[in-house]
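Colleague: I am new to this structure. Could you take me through a few of its features, one question at a time?

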Amino acid sequence: MALILGIESTAHTFGVGIVKNRKILANLKDSYKTDSGGIIPMEAAKHHREKSKEIYEGALKISGVEENEIQGIAISNAPGLAPCLVEGMKFAKELSKKLKIPIIPVNHCIAHLEVGSSIKNGPKDPVMLYVSGANTQVIAYSSGKYRIFGEILDIGVGNFIDNFARHIGIGFPGGPKVEILAANGKNYIELPYKVKGMDIALSGILTNLKQKVEKKKHNKEDLCYSLQETVFAMLVEVAERALAHTGKKELLLGGGVGCNKRLQEMCRIMCKERGCEFFVPENSLLVDNGAMIAFLGEKMFKKGIKFQEKELHKVDIQPRQRTDEVEVKWK
Ligand code: AMP
Ligand code: MG
């Protein structure tokens, strides 16, 4: 029996989730947004500082849990933007001291994968296609660690879509808007297809798309449609090859771009053709959120992976931690 609070603050989102025995009791968040331009780390950190108390109290209220029932605080301490991570860590440590309960440091990317097992009859040992703003990776468990089988070489797929969306003036976040425009696209426009072994590159496609916008030959709908068809095919190709290499039989989607229905459909078709099972969590667990941090935090807590209040000096942020640096001791 464990009741764990999870805090997410690696990038644009400040989220608090509460999990009790694998059941998600609350998952509340607020995200920093901009009208134009990308994330300014110090501004996002300020957002987190200002919203943290409200989100924390809101999550407690939704869950019906009293502060003194919480047994541990899971905090996503890696990877992410340093100023944002610092805010989350400060909040977690203050709470840890106040409530006299331990802290559980959680890797954000692994939390995206582990929360897949909260799905009813969910995956047991999946390959995860993790597609978020800054991160794009194909990850799977092998010999004690989550290994990266393929990844983006330049910009994360969400940031790529957001950058293109800003360029055509449809605002941030661009993903949902590009998806709507794409649904009305009729003509496929040839774009560069950049899969390099198990990795993919997107900056060349972004430049190519922007050049096409300047030439004004194509409408936005066709460009968005062609962007999705090309880039999602690249992602699905790499995910499929990871399934083939590892012999695993389950694909899990994670990250905000995973909300895209066309990407989900392409994954589903590929899995059906290979005789694999496809899993996609609900949208609130795909985007950055506190519940996934609490969910993995609970697994770690139950295996004794935690730092008591006296050991808090040993816990720090790790902005550049790689998925395969983490020893998976909770399985
Ligand atoms: P995350 O960093 O995991 O919270 O994901 C944020 C990213 O997901 C942003 O770049 C969004 O543009 C993207 N996103 C959200 N919804 C969609 C969608 N329906 N289609 C494509 N991308 C999306
Ligand atoms: Mg994420």
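Colleague: Which helix and strands each supply at least two residues of the lining of the largest cavity?

Modeller: Keep in mind that this is a predicted model. The lining includes L129, M198 and D199. Four elements each give at least two lining residues: β7 (136-142), β8 (145-151), β10 (199-200) and α7 (220-246).

Colleague: Which element gives the largest share of the lining of the largest cavity?

Modeller: The lining includes T136, Q137 and V138. The strand that spans 136-142 is β7. With three residues, the largest share comes from β7.

Colleague: What volume does the largest cavity have?

Modeller: A search of the whole structure turns up one cavity of 30 Å³ or more. Its lining has seven nonpolar, three polar and two charged residues. Its volume is about 50 Å³.

Colleague: Is Q137 buried or exposed?

Modeller: Q137 sits in strand β7. Its relative accessibility is 8%. Buried means under 20%. Therefore Q137 counts as buried.

Colleague: Which residue's side chain makes a polar contact with the side chain of Q137?

Modeller: Leaving out residues up to four places away in sequence, Q137 touches C109, M128, L129, Y130, I148, G150, E151 and T323. One of these has a side chain in polar contact with that of Q137, at 3.1 Å. That residue is T323.

Colleague: Which residues coordinate the magnesium ion (ligand 2)?

Modeller: Along the chain, the donors follow the spacing H-x3-H-x17-Y-x157-D. H108 in helix α3 (residues 108-114) and Y130 in strand β6 (residues 127-131) are 22 residues apart, a pair that links distant parts of the chain. At 2.1 to 2.6 Å, the ion is coordinated by H108 (NE2), H112 (NE2), Y130 (OH) and D288 (OD).

Colleague: Why does H108 count as buried, and what is the relative accessible area of Y130?

Modeller: The cut-off for buried is under 20% relative accessible area. H108 counts as buried because its relative accessibility is 2%. Y130 is buried too, and its relative accessible area is 0%.

Colleague: Which strand gives the largest share of the lining of the second largest pocket?

Modeller: This pocket holds about 370 Å³ of space. Its lining has 17 residues, with P105, M300, I305, F307 and V326 nearest the centre. By class, eight are nonpolar, four polar and five charged. The largest share, three residues, comes from strand β5 (residues 103-107).

Terms used
Residues are numbered from 1 along each chain as its sequence is written. Chains are lettered from A and ligands numbered from 1 in the order in which they are written. This is a predicted model: local features need pLDDT of at least 70, side-chain atom pairs count only at pLDDT 80 or more; totals for chains, interfaces and linings use all residues. Side-chain values use heavy atoms; hydrogens and water are left out. Donors are N, O and S atoms within 2.8 Å of the metal (3.2 Å for Na, K and Ca); water is not among the atoms, so sites may look incomplete. Buried means under 20% relative accessible area, exposed over 50%, partly exposed in between (1.4 Å probe, protein chains only). On a 1 Å grid over the protein atoms alone, a cavity is a set of points where a 1.4 Å probe fits but cannot get out, and a pocket is an open set with protein on both sides within 12 Å along at least five of seven lines; lining residues have an atom within 4 Å of a point. Grid points are joined across faces, edges and corners, and a volume is the space filled by probe spheres set on the points. Ala, Val, Leu, Ile, Met, Phe, Trp, Tyr, Cys and Pro count as nonpolar, Asp, Glu, Lys and Arg as charged, and the others, Gly among them, as polar. A polar contact is a pair of N or O atoms within 3.5 Å; within protein, one must be able to donate a hydrogen and the other to accept it, and residues adjacent in sequence count only if both atoms are side-chain atoms. Contact means heavy atoms within 4.5 Å.
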